[in-house]
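Welcome! Let's take a walk through this structure together, one stop at a time.

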Amino acid sequence: MHAYVHIVDDDDSFRTALERRLKLAGYRVATYASARQLLDRLPSDEDTGCILLDVRIPGMSGPELQIRLNELDSSLPIVFLTGHADTATTVQAIKAGAEDFLTKPIESEQLIEAIDRAVARHELVRSQRTRLDSLRALLARLTPRERQVFDLIVRGRINKQIAYELGTTERTIKAHRHQVMEKMRVQSLAELVSIAERLGAR
């Protein structure tokens, strides 16, 4: 499936030329004349792609739209493309997570390379999110008692300590521990701790 490029620019002729250029390069393209238009038809994170964003657009500026998309938890990478680059704006945009900051006019090759990098990063972010979602789903399958055991295991407690803390026998904890490992689909303590780290469950 070809990636989507979402172009936000108030210059009609530039937008049309860019759309043509990117479609020739094999991308699917959606265009917006303002930040508000993009927010009204908010692109889905499900489609791999990126946003090409001008800095100076009427109404909400490019950097303001970037902040709003961050608040909405959009994972689409943003490539700024502007005729008005200044150091402060560039630094601010990159610190806020922009993938790249390019200046018009731009060579097709340089633009395509930047888009390819942004799309590759979006694919990576999406696969990591999918993995995290599946880990969260596994964690949610634990019973309340198994979850207590999980939390204590990943904090480095041994069976004896867990049994004492939960007021039960070591043998019961061993059984719970086995269930936790089975349900979380791991073979070792190291894997379990790694999952807890990734889910921020420690």
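Our first stop is a pocket. Keep in mind as you look that this is a predicted model. The largest pocket holds about 160 Å³ of space. Its lining is made up of 13 residues, and those nearest the pocket centre are Asn 70, Ser 74, Leu 76, Gly 97 and Arg 121. Which elements give two or more residues to this lining? They are α3 and α5, the latter spanning residues 108-140. Of the elements, α3 gives the most to the lining of the largest pocket, with three residues.

From the pocket, let's turn to the sheet. Strands of a sheet pair through backbone hydrogen bonds, either parallel or antiparallel. Here you will find an open sheet of five strands, with parallel pairing, and if you trace across the sheet you meet the strands in the order β2-β1-β3-β4-β5.

For a closer look at one pairing, find strand β1, residues 4-8. It runs parallel to β2, and five bridges join the two strands.

Helix α4, residues 87-95, lies across β4 and β5, and runs at about 150° to β5.

Next, follow the chain to Lys 104. This residue lies over the face of Phe 14, at 4.2 Å from the ring centre. Lys 104 is also joined to Pro 105 by a cis peptide bond, with omega at about -10°. Where is Pro 105 placed? Look in the loop between β5 and α5. While we are on the subject of rings, a search of the whole structure finds one aromatic pair.

Our last stops are two residues in loops. Asp 73 sits in the loop between α3 and β4, and its phi is near 65°, a positive value in a residue other than glycine. Arg 185 lies in the loop between α8 (170-183) and α9 (189-199). The phi of Arg 185 is positive too, near 55°, and this residue is likewise other than glycine.

Definitions and conventions: Residues numbered from 1 in each chain as written. Predicted model: local features only at pLDDT ≥ 70, side-chain atom pairs only at ≥ 80, totals over all residues. Heavy atoms only, no water. Pairing = 2+ DSSP bridges. Helix = DSSP H or I, 4+ residues; strand = E, 2+ residues; numbered from the N terminus. Contact = heavy atoms within 4.5 Å. Axes fitted to C-alpha atoms, helices over the stretch in contact; angles between N-to-C directions. Phe/Tyr/Trp six-rings, centres within 6.5 Å; stacked < 30°, edge-to-face > 60°. Lys NZ or Arg CZ within 6 Å of the ring centre and 35° of its normal. 1 Å grid on protein atoms, 1.4 Å probe; cavity = no way out; pocket = protein on both sides within 12 Å on 5 of 7 lines; lining within 4 Å. Points joined across faces, edges and corners; volume = space filled by probe spheres on them.
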